[in-house]
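The entries follow in the order I made them.

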Amino acid sequence: MSPETPRVSASVVIPKASLQVVFDHLRATGFRLIGPTVRESAIVLDEIAGLEDLPLGWTDTQEPGRYRLQRTRAAEYFGFTVGPQSWKQFLHPARLQLFSVERKNGDLTVRKAQEPAPAYAFIGVRACDLHAIGIQDRVFLGGEFQDPHYARRREQVFVLAVNCRKAGSTCFCSSLGTGPRVKGGFDLALTELPEIFVVEIGSEAGSEALRGTPWESATAFDLGRATQAVQRAEGQIVRQLRTDDLPKMLYDNLDHRRWDEVAARCLSCANCTQVCPTCFCTTVEDASNLKGTSADRTRVWDSCFVRDFSHVHGGNIRPSIRSRYRQWLTHKLGSWFDQFGILGCVGCGRCITWCPVGIDLTEEVKALREKVTP
Amino acid sequence: MSVGLPMPEPQRMLASQRSPDPMLPSPALIEAIKPVAYGISTFTLRFVDPAERAEYRFQPGQFNMLYLPGAGEIAISVSSDPDEPQLLGHTVRQAGNVTRTLARLKVGHQVGVRGPYGNPWPLDKVAGKSLVIVAGGIGLAPLRPLILSILHHRAAYGRVVLLYGARTPADLLYTDEFARWQEGNVEVHVTVDLGDEHWKGQVGVVPQLFYRIRVEPKETCVMTCGPEIMMRFVIYEALARRIPKDAIYLSMERNMKCAVGFCGHCQFGPTFICKQGPVLNYARIEPFFGKEDF
């Protein structure tokens, strides 16, 4: 007789419909399920109740500057690649009140914002996005100061990861070693096969989440099929990013002609930074009442492509698109390493897909590497 | 496949120690407001909470974030004596929304303060050396705690020279203190870009003051704060005198929203000005310093 719950690091198989039991269990233990769902012609991340909210039978095609959903005949819940949103919006919300202040006779009273930090269960986290969470962990928790807002959300998260069986044309995770297989940092990791899910147990919490779900140990045959599926995805990856000469290559080419060339195409719209799962920049807004006696301070996502991002008295440090694109790319693929010991890119390809003019950072890096004869 | 840089696996996060919220300001009382130059005043602040006041320490070159409800928050270096950390001087020029709002406040009003932040002037590394302190305009403010600290421990340093300049005589800071600094054996050389009818001193840009002194390059450290264009030429003059790159320290400024490395605004190449800066060693940032629009 098998035990009620599988041991950690074991692989089991469950019938597809049984995933609903896992969902119910998670919800019953207080988690809000966040998962992929179809909305406005895209697969977005939002609160889901069950299997019926997942994009069953949908897939996406992605190219630089292009994203389209398509129906497929395969009855797959996770037969698509990453959409425009990432888990960043739940751990590092786009708007977050920091505190409120009241002023009475010149005296200030500061009150911490009392907003809830729900326990999220992330359903369907891809390997690249899981690495992105690891990168933001370093940004918000790895330094001298820790962001308590991020920490509260992060500590509670349950991660149900999914191995990619299909790569988008803009994916390049294999170049960075961030995918397509999920290797760690999850509670449960699924590989979707036609009739079953192969489930790897990553933690005690993951094991516990399978309580009440009918499961069997995975056979070598199941595991082989799961491995093959992920290998197929890896084989589909066409884009590559060479990183062995970074960050130095970028630092050596701060005056490269390519920056002018890409600046002529870049709209400085900031889409790439908003869809990027690691971009973390924020600004702060104060909303005061008309008398000026109270104010709410809110942190909102910002972007280094915004003109005023670098404003100091007397003007902007980076007034040109050339300088802003250079800042973004040299940070993401260069100085990020000096700052956090890791690159800021996970190869998810979102910045390529969601760039309105289809700028491809892997191409830009290649072009910057080319010697220019003056 | 080419994996050049390490990409460690994401870790399941352990319940972290709940650290205090670094974005929360604490109320501080405006004890005094002293005009120090045209459009520039020194605001002396004192934390309202006695425990916070007793705990607070800063080092020369560090800064605080001053918060004015409804207006915003700005990074201002502490310009007062580090040996008296209960009273915190902030020399502020009216330049933007927050500083103009601050200028309208009166003694007895409160502002929000959090800090201190940033990397200070390397007093330990420069002990025993001769120091050339070079400031332009309000750039003297973050250097004042350094000068006061040197005066307290004057014997620990060799020759100390201050080269200071501003646009006009009315823009010079702390002129009433120069005599005292000179008595304490800190040489003060002053220049202005544009004199007025009473000005009898030197006219010209700050880096030219280097021609008034002689330095022993191996024994000298340069510490400078001012407009970047000024610091560029200060570095030029220092290097021309064979002062090593790693003996030059400069204090930089960038837009700053959080001061704790979360907001991303103050990045300067590999550094965050709020963490590795504002005081940076020139040898470390040489490839980036002076790069156009960087």
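I started with contacts along chain A. Among contacts in chain A between residues at least 6 apart in sequence, I found that 73% join residues at least 24 apart. I note here that the model is predicted.

Next I looked up the secondary structure of chain A. I listed 13 helices and 16 strands in chain A.

Then I checked the overall dimensions. The C-alpha atoms of chain A fill a box of roughly 75 × 65 × 40 Å along the principal axes.

Of the 374 residues in chain A, 51% count as buried.

I moved on to where the two chains meet. How many residues of chain B are in contact with chain A? I got 50 residues of chain B, in contact with 67 residues of chain A. On the side of chain B that touches chain A, β4 (72-77) and β6 (110-117) of chain B each supply at least two residues. I sorted that side of chain B by class and wrote down 22 nonpolar, 18 polar and ten charged residues.

I then read the confidence for chain B. Its mean pLDDT is 93, and 94% of the residues of chain B reach 70 or more. Where does pLDDT stay under 50 in chain B? One such stretch is residues 1-6 of chain B, for which the model has 16 contacts beyond four places in sequence. Another is residues 11-18 of chain B, with 13 contacts beyond four places in sequence.

My last entry is on the domains of chain B. The domain assignment gives domain 1 (26-117) and domain 2 (123-251) of chain B. Taken over C-alpha atoms, the centres of domain 1 and domain 2 of chain B are 24 Å apart. The contact takes 15 residues from domain 1 of chain B and 16 residues from domain 2 of chain B. On the side of domain 1 of chain B that touches domain 2 of chain B, the elements giving two or more residues are β1 (26-37) and β5 (88-93) of chain B. By class, I recorded seven nonpolar, five polar and three charged residues on that side of domain 1 of chain B.

Note on methods. Residues are numbered from 1 along each chain as its sequence is written. Chains are lettered from A and ligands numbered from 1 in the order in which they are written. This is a predicted model: local features need pLDDT of at least 70, side-chain atom pairs count only at pLDDT 80 or more; totals for chains, interfaces and linings use all residues. Two residues are in contact if their C-beta atoms, placed from the backbone, lie within 7 Å. Helices (H or I, at least four residues) and strands (E, at least two) are DSSP runs, numbered from the N terminus. Ala, Val, Leu, Ile, Met, Phe, Trp, Tyr, Cys and Pro count as nonpolar, Asp, Glu, Lys and Arg as charged, and the others, Gly among them, as polar. A residue is buried if 20 or more other C-beta atoms lie within 10 Å of its own, exposed if 12 or fewer, and partly exposed in between; C-beta atoms are placed from the backbone. pLDDT is the predictor's confidence in each residue, from 0 to 100. Domain bounds come from an automatic or database domain assignment.
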